[in-house]
Amino acid sequence: MKSKASLVGLAMYQTIVTWMLWYLGVAVAIMIIAAIVAALGGDVQINLPVFEKHNTDWSIAYAIADTSRIFFLICGLLSMGGFIKYFVGNGVTRLAYFNGVIQSMVALAFTFSVIIIILSGVEYGIAAMTGYKEPVIMPVSFYLKLLADILLYYIVGWFISAGFYQEKWMIGFGCIVLAHPIVMVQSSVWGEKIKLPFYELLHLSDASAWLSLLISVIMIAVITGIIHTMTTNVRIKV
């Protein structure tokens, strides 16, 4: 028999993966239209930091991966309110809800990454056979960053949502304030360029991907621990 945490995780995974497939469908359609317009000589620019950093041609798969952070931030924001009310109302403990969200979040991150790998493989094959653009192969570090980004942005969204679920709305705004340096550190340790004061102090353009991943994992673990504390005895709003 599955534990309640596993049932929560499965239910949340099934719900959010449906949103994810819709998001992927719409994003792929938009990128294909943009690519067609660009191929026909239209004024469409698909310049993302990842392409500039690796000096590669643009890619539909990688452009979608780059926009996925916002999608998973929204998923995290939606992982509190209605979900915890529904599960606790049906006899699930807060701890089981917490563990279930973690399970679904990890499963979603790997599912999305696998889809991006498959999509990039299909795109590479089509580009190589037709020659309509330069085939693009991204390094392993790109996929490590993708996984870290998905998990961190999801957990940040959940962190903000858990803050606003407390009795004092100031806690929610405090979580938003804290979220900014968190995502800034995430971008900096992975070598992204952002024009902000003091940003250069955190910029690790030449750092090992494994060091960047370790820093991301530490941040995710710390925020997860804070969320656990915030949700352990939270009063469920009716």
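**Stop 1: a serine side chain**

Select S188 and V185. The side chain of S188 reaches the backbone oxygen of V185 at 2.8 Å. That is a polar contact, defined as a pair of N or O atoms within 3.5 Å; within protein, one must be able to donate a hydrogen and the other to accept it, and residues adjacent in sequence count only if both atoms are side-chain atoms. S188 sits in helix α7, residues 169-189. Helices (H or I, at least four residues) and strands (E, at least two) are DSSP runs, numbered from the N terminus. Is S188 buried or exposed? It counts as buried because its relative accessibility is 0%. Buried means under 20% relative accessible area, exposed over 50%, partly exposed in between, with a 1.4 Å probe and protein chains only.

Before moving on, note the ground rules. This is a predicted model, in which local features need pLDDT of at least 70 and side-chain atom pairs count only at pLDDT 80 or more, while totals for chains, interfaces and linings use all residues. Residues are numbered from 1 along each chain as its sequence is written, and side-chain values use heavy atoms, with hydrogens and water left out.

**Stop 2: the whole chain**

Zoom out and colour by secondary structure. The protein has 9 helices and 0 strands. Along the sequence the pattern reads α-α-α-α-α-α-α-α-α. Of the 238 residues, 45% are buried. Now consider contacts, meaning heavy atoms within 4.5 Å. Among contacts with a separation of 6 or more, 77% join residues 24 or more positions apart.

**Stop 3: the annotated spans**

Check two of the spans. Residues 142-162 are 100% helix and 0% strand, with end C-alpha atoms 30 Å apart. Residues 209-227 are also 100% helix and 0% strand, and their end C-alpha atoms lie 27 Å apart.

**Stop 4: α6 against α7**

Two packed helices are described by the angle between their axes and the distance between the axes. Select helix α6, residues 140-164, together with α7. Their axes come within 7 Å and cross at roughly 165 degrees. Axes are lines fitted to C-alpha atoms, for helices over the stretch in contact, and angles run from 0 to 180 degrees between N-to-C directions. The angle makes α6 roughly antiparallel to α7. Angles under 35 degrees count as roughly parallel, over 145 as roughly antiparallel, 65 to 115 as roughly perpendicular and the rest as oblique.

The crossing is right-handed. A crossing is left-handed if the near helix is turned anticlockwise from the far one by less than a right angle, and right-handed if clockwise. Show side chains at the contact. On α6, pick residues including D149, Y153, F159 and F164. On α7, those they meet include W169, F173, C175 and Q186.

**Stop 5: α3 against α5**

Go to helix α3 (residues 60-77) and helix α5 (residues 94-130). They pack at about 160 degrees, with axes 9 Å apart. α3 and α5 are therefore roughly antiparallel. Their crossing is right-handed. I60, A61, Y62, I64, A65, S68 and F72 of α3 make the contact with L108, F112, I116, L119, S120 and E123 of α5.

M138 lies in the loop between α5 and α6. With 6% relative accessibility, M138 counts as buried.

**Stop 6: along α5**

Select G100, in helix α5. G100 is buried, at 0% relative accessibility. Leaving aside neighbours within four places in sequence, G100 is in contact with A5, V8 and G9. L7 is 93 residues from G100 in sequence and 7.2 Å away, C-alpha to C-alpha.

Next pick S6, in helix α1, residues 4-39. S6 is partly exposed, with a relative accessible area of 25%. S6 and Q103 are 97 residues apart in sequence and 7.4 Å apart, C-alpha to C-alpha.

**Stop 7: α5 against α9**

Finish with α5 and helix α9, residues 209-232. The packing angle is about 150 degrees, and the axes are 9 Å apart. This pair is therefore roughly antiparallel, with a right-handed crossing. R94, L95, F98 and I102 in α5 meet T224, I227, H228, T231 and T232 in α9.
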